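Work through the exercises below with the sequence and the coordinates open beside you.

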Amino acid sequence: MHSNSWGGMDAGDQMLYPAQVVDGLVHQLGGTKLGYECKMTREIYGGCPIGSAISTSQGDARLIQEYDRIIHTSPPFYKRYDEDEDEDVADVPMEQLVLCYRAALHLAYSFDGVERVACPLIGAGARGFPLEIAINVAASEISAWGGQHCNNRQSGGTEAAKTVAFGVQDLQIAKELEKSIKQ
C-alpha cells in the first residue's frame, strides 16, 4: 500500500542501531541514509533513552514508498520479579513502556499530514514482556490516546481522523489486542 501520510514506529535498545528485531528490520530497509541519521543522533544526543521517542527520515527507497517519517522508541527490558520484591520496582518497566507509547504517538502525530501510524507491539519481542502485559499496555495507551483525539473531533475540533495499525503477525495475539482495545 502506498501512502504519503503514514509514519512508522521502531523499537530498539537505546536504539538507533541494527539488531535482529523490529529495529533491525527497519534499519535494513532504511539503508545507509537511515543508518547515518541514527549514527548522527547517537553522536549528538546520545541515542534515544528508554521511554522517549525520536524521529528520523524513512531512509532509503524501500521505506520512502510507505512512510513519511520513522519514529524510534526505546522500550525497557522486562524483568520478572519475585513476590517478595518491592512492587514499586516491579512497576518501573511497565511505566517505561507506557511512556514509549505516549512519546511515540505524540511525536508521530505532531507532523503535518500524518494520519496513520504503523506500530509494532512494543516490548513483546526481544524485550521480554509477557504478551498479556504488552497487550494490556498497548490497548490502554491506544485507547486513552484515541479517546483524547475522538473527543476533540466530537466537540467540533478540526483534527483529521487518526489511525494506529499494529503489525502483529500472530492472529491470536492480534485478536487479543483488538479485544483489549475495544474494552
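**Exercise 1.** With which residue does Glu178 form a salt bridge, and how far apart are the closest N and O atoms?

Solution. Before starting, note that this is a predicted model, in which local features need pLDDT of at least 70 and side-chain atom pairs count only at pLDDT 80 or more, while totals for chains, interfaces and linings use all residues. Residues are numbered from 1 along each chain as its sequence is written, and side-chain values use heavy atoms, with hydrogens and water left out.

Step 1. The criterion for a salt bridge is a side-chain nitrogen of Lys or Arg within 4 Å of a carboxyl oxygen of Asp or Glu. Glu178 meets it with Lys182, the closest N and O atoms being 3.2 Å apart.

Step 2. Both residues belong to helix α5 (residues 171-182), and because they are four residues apart there, about one helical turn separates them. (Helices, H or I of at least four residues, and strands, E of at least two, are DSSP runs numbered from the N terminus.)

Step 3. Classify the accessibility, where buried means under 20% relative accessible area, exposed over 50%, and partly exposed in between, with a 1.4 Å probe and protein chains only. Glu178 is partly exposed at 43%, whereas Lys182, at 65%, counts as exposed.

**Exercise 2.** Find the salt bridge that Arg102 makes, and state which parts of the chain it ties together.

Solution. Step 1. A search of the whole structure finds two salt bridges; one of them joins the side chains of Arg102 and Glu141, with an N to O distance of 2.7 Å.

Step 1. Arg102 lies in helix α3 and Glu141 in helix α4, so this pair ties together parts that are 39 residues apart in sequence.

Step 2. Arg102 is partly exposed, at 48% relative accessibility, while Glu141 is buried, at 8%.

**Exercise 3.** Describe the aromatic pairs, of which the whole structure holds two.

Solution. Step 1. Rings of Phe, Tyr and Trp (its six-membered ring) pair if their centres lie within 6.5 Å; planes under 30 degrees apart count as stacked, over 60 as edge-to-face and the rest as tilted.

Step 1. Tyr78 and Phe129 make a tilted pair, with 5.0 Å between the centres and 50 degrees between the planes. Tyr78 is in the loop between β3 (69-73) and α3 (87-108), and Phe129 is in the loop between β4 (116-119) and α4 (131-154), so the pair ties together parts 51 residues apart in sequence.

Step 2. Tyr109 and Trp145 are stacked, at 4.7 Å centre to centre and 25 degrees between the planes. This pair links the loop between α3 and β4, where Tyr109 lies, to helix α4, which holds Trp145, 36 residues apart; Tyr109 and Trp145 are both buried.
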